[in-house]
Amino acid sequence: MAAKFDISFSKSAKISGGLSILLKASDADLAAGAGIADPASVIARAMKIAKFSAKPVSTLDIVAPEGSPAERLIVIGLGKAEELTAHDWLKAGGTAASKIKSVEKATIFIDAPGVDIDAKIAADFALGILLRGYSFDTYKTKKTDDEDKANGKATKVTIITAAAAGATKAFADSEVVADGVNLARDLVNEPPNVLGPVEFAAKAKQLEKLGVEVEILTEREMKRLGMGALLGVAQGSARPPRLAIMQWKGGKAKERPVAFVGKGVVFDTGGISIKPAAGMEDMKGDMGGAAAVTGLMHVLAARKAAVNAVGIIGLVENMPDGNAQRPGDIVTSMSGQTVEVINTDAEGRLVLCDALWYCNDRFKPQFMINLATLTGAVVVALGSVHAGLFSNDDALASRLTEAGLSTSEKVWRMPLGKEYDKMIDSKFADMKNTGGRYAGSITAAHFLKRFVQDTPWAHLDIAGTAMGSPLDEINQSWGSGFGVRLLDRLVRDHYEA
């Protein structure tokens, strides 16, 4: 259960008990409000004794400060004022959240001397609080000490800033973003016995409450469309596949949509090419791409984005069974191109190729971006710091890179080339679904590229960033929700009217 915060903004505060937090840049004085929260200058003495230098996200905690109307004072370091980025403010907010989740009320003074605070910065700080407050403990029957203290009540958080009026409006937008990220996190964290293809499709269907048009294609309808690649992955599972098509129509009536396509393998055993047992439980997260697309569509609809957007997620389970596809099978995709299945554990690209073709054929989008926990090779190359970016369009790739730097959901462009494309040629079909051990993430991208025609396209391999990535100031969850903020920023900056 996520920590609950009731966040508001004010230009001034009257402190009566509770926790007070002040921010400090390493090269400036304490935040405005120090005189109110700390009339006896306890903080100055404590900083000197503790040799507190206000390094980024460092904290100084003072309990029962003498002469203060607050029961507890905390100072959060910001580092050098001139080096602060939007992501630093998210991290500062996340650090604050870690200190206030078990208290009844907290007052936070963020107008630090030497730092220009505007409405967006204040909203980013509050967004950091919401992102850090997320946790997934739906199936735990015992409460933590912090939950016992909170007793289900929301912590009342008042953020004090001269930009309060604008911050209140900006924060309404930030709350929507947090909701979308946390929806994606929920989906990735859910156990696979609970979230199958049908159940995931039902989650997507719930976006209709926000004005999203949602269609769910069944196995019969996909078979009629000729989606042999996607259906081949699903045929070993007792749980039927689904294709969810989500449309948000916030732009002009005849304006071509932007499109996002997600891999939704709700559990991946590897199929007949079965994975090792160790760590297989993590394969419940092999639908991180579909989760990100669903979270993004939530954000776009909830904030009434002035854009036409399509989200398509292919939902399957990859299981070994007497009816499962075999290495050596040849399947016919919706495009008519045939694929020799070399390895049944290279299944995500088979799901995506039919979803991409369907998207392009039906919607004629401005661009298509697909997200997938596609290859272990990209984790070897980039770890959990960057997602792999592959694209046939320099402008789109550049915009994604900029959005990644802005949100700190970073991407790194990887190469494409004819030499790599040849590696997936097959002796028996138009192509094979794996090019072998070397350049695995690149050959996987080339496979997808064969299904996008001339449409501007980008493939984000999020295998290292969507799940199990290192915990940080704004994410303490196994499922990170990676991609939601990145793509929302892309849309905001370049594709809204």
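Q: Over how many bridges do β9 and β13 pair in the parallel sense?
A: This is a predicted model, in which local features need pLDDT of at least 70 and side-chain atom pairs count only at pLDDT 80 or more, while totals for chains, interfaces and linings use all residues. Residues are numbered from 1 along each chain as its sequence is written, and side-chain values use heavy atoms, with hydrogens and water left out. Helices (H or I, at least four residues) and strands (E, at least two) are DSSP runs numbered from the N terminus, and two strands pair if DSSP finds at least two bridges between them. For β9 and β13, the number of bridges is four.

Q: Which residue in β17 does Met368 stand opposite?
A: Strand β13 pairs in the parallel sense with strand β17 (residues 457-461), over five bridges. While Ala259 stands opposite Met368, the residue of β17 opposite Met368 is Trp457.

Q: Which kind of pair do the rings of Phe9 and Phe171 form?
A: A search of the whole structure finds five aromatic pairs. The rings of Phe, Tyr and Trp (its six-membered ring) pair if their centres lie within 6.5 Å, and planes under 30 degrees apart count as stacked, over 60 as edge-to-face and the rest as tilted. For Phe9 and Phe171 the centres are 5.6 Å apart and the planes stand at 65°, so the pair is edge-to-face.

Q: How many residues apart are Phe9 and Phe171?
A: Phe9 and Phe171 are both buried. Phe9 belongs to strand β1 (residues 5-10) and Phe171 to helix α6 (residues 164-189). The pair links distant parts of the chain, with a separation of 162 residues.

Q: How far apart in sequence are the parts that Phe260 and Phe367 tie together?
A: The ring centres of Phe260 and Phe367 are 5.7 Å apart with the planes at 80°, so this pair is edge-to-face. Both residues are buried. Since Phe260 lies in strand β9 (residues 258-268) and Phe367 in the loop between α11 (348-363) and β13 (368-372), the pair ties together parts whose separation is 107 residues.

Q: The ring of which residue lies under the charged end of Lys284?
A: A charge sits over a ring if NZ of Lys or CZ of Arg is within 6 Å of the ring centre and within 35 degrees of the ring normal. The charged end of Lys284 is 5.3 Å from the centre of the ring in question, that of Trp478.

Q: At which residues does UniProt place the feature "active site"?
A: UniProt positions are given in the numbering used here, with shortened feature names, and annotations may be inferred rather than shown by experiment. One of the two residues is in the loop between β9 and α10 (288-302); the other is in helix α11 and is buried, with a relative accessible area of 7%. The UniProt record, an unreviewed entry, names Lys275 and Arg349.

Q: With which residues is Asp282 in contact, leaving aside its neighbours within four places in sequence?
A: Asp282 lies in the loop between β9 and α10 and is partly exposed, at 31% relative accessibility. Its C-alpha is 8.2 Å from that of Met467, although the two residues are 185 apart in sequence. Contact means heavy atoms within 4.5 Å, and the residues that meet this condition are Met467 and Trp478.

Q: How many of the residues of helix α15 are buried?
A: Ser441, found in helix α15, is buried with a relative accessible area of 5%. Among the residues that Ser441 touches, beyond four places in sequence, are Thr375, Phe390 and Asp461. Helix α15 (residues 440-449) is largely enclosed by the rest of the structure, because its buried residues number nine of ten.

Terms used:
Buried < 20%, exposed > 50% of the residue type's maximum accessible area, 1.4 Å probe, protein only.
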